[in-house]
Amino acid sequence: MNKDTPEARIKYDEGVCHLTFVAEVYAWQNERGAYFLHEHPWRATSWKLDCLKAVVALDGAELR
């Protein structure tokens, strides 16, 4: 799929929306003292999103 198509943009926006939601769930889990696990390829560009940067910055979060 061409990344410059409207369909590709919709899929990208849906992915960012999903990652934003799960980042909020991770923050909630962290506030409650519970655990979370986020598996994602190291080279994924989504690590540059603010929502995932916030996850990495959570107290007790570890990157492995």
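**Close-up 1. The largest pocket holds about 450 Å³ of space.** Of the 17 residues lining the largest pocket, Phe-36, Leu-37, Ala-61, Glu-62 and Leu-63 are the closest to its centre. A pocket is an open set of points on a 1 Å grid over the protein atoms alone where a 1.4 Å probe fits, with protein on both sides within 12 Å along at least five of seven lines, and lining residues have an atom within 4 Å of a point. The volume is the space filled by probe spheres set on the points. This is a predicted model, in which local features need pLDDT of at least 70 and side-chain atom pairs pLDDT 80 or more, while totals for chains, interfaces and linings use all residues. Residues are numbered from 1 along each chain, and side-chain values use heavy atoms, without hydrogens or water.

**Close-up 2. The buried residues of helix α1 (residues 6-31) pack against α2 (50-56).** They are Ala-8, Leu-19, Val-22, Ala-23, Tyr-26 and Gln-29; buried means under 20% relative accessible area, exposed over 50% and partly exposed in between (1.4 Å probe, protein chains only). Helices are DSSP runs (H or I, at least four residues), and contact means heavy atoms within 4.5 Å. Just after α1, Gly-33 takes a positive phi of about 80 degrees.

**Close-up 3. Two aromatic pairs are found.** Rings pair if their centres lie within 6.5 Å, and planes under 30 degrees apart count as stacked. Tyr-26 and Phe-36 are stacked, at 4.7 Å centre to centre and 15 degrees between the planes. This pair joins helix α1 to the loop between α1 and α2. Trp-42 and Trp-47 are also stacked, at 6.3 Å and 25 degrees; Trp-42 is exposed, with 57% relative accessible area.

Methods: Helix = DSSP H or I, 4+ residues; strand = E, 2+ residues; numbered from the N terminus. Expected span 1.5 Å × (residues − 1). Phe/Tyr/Trp six-rings, centres within 6.5 Å; stacked < 30°, edge-to-face > 60°.
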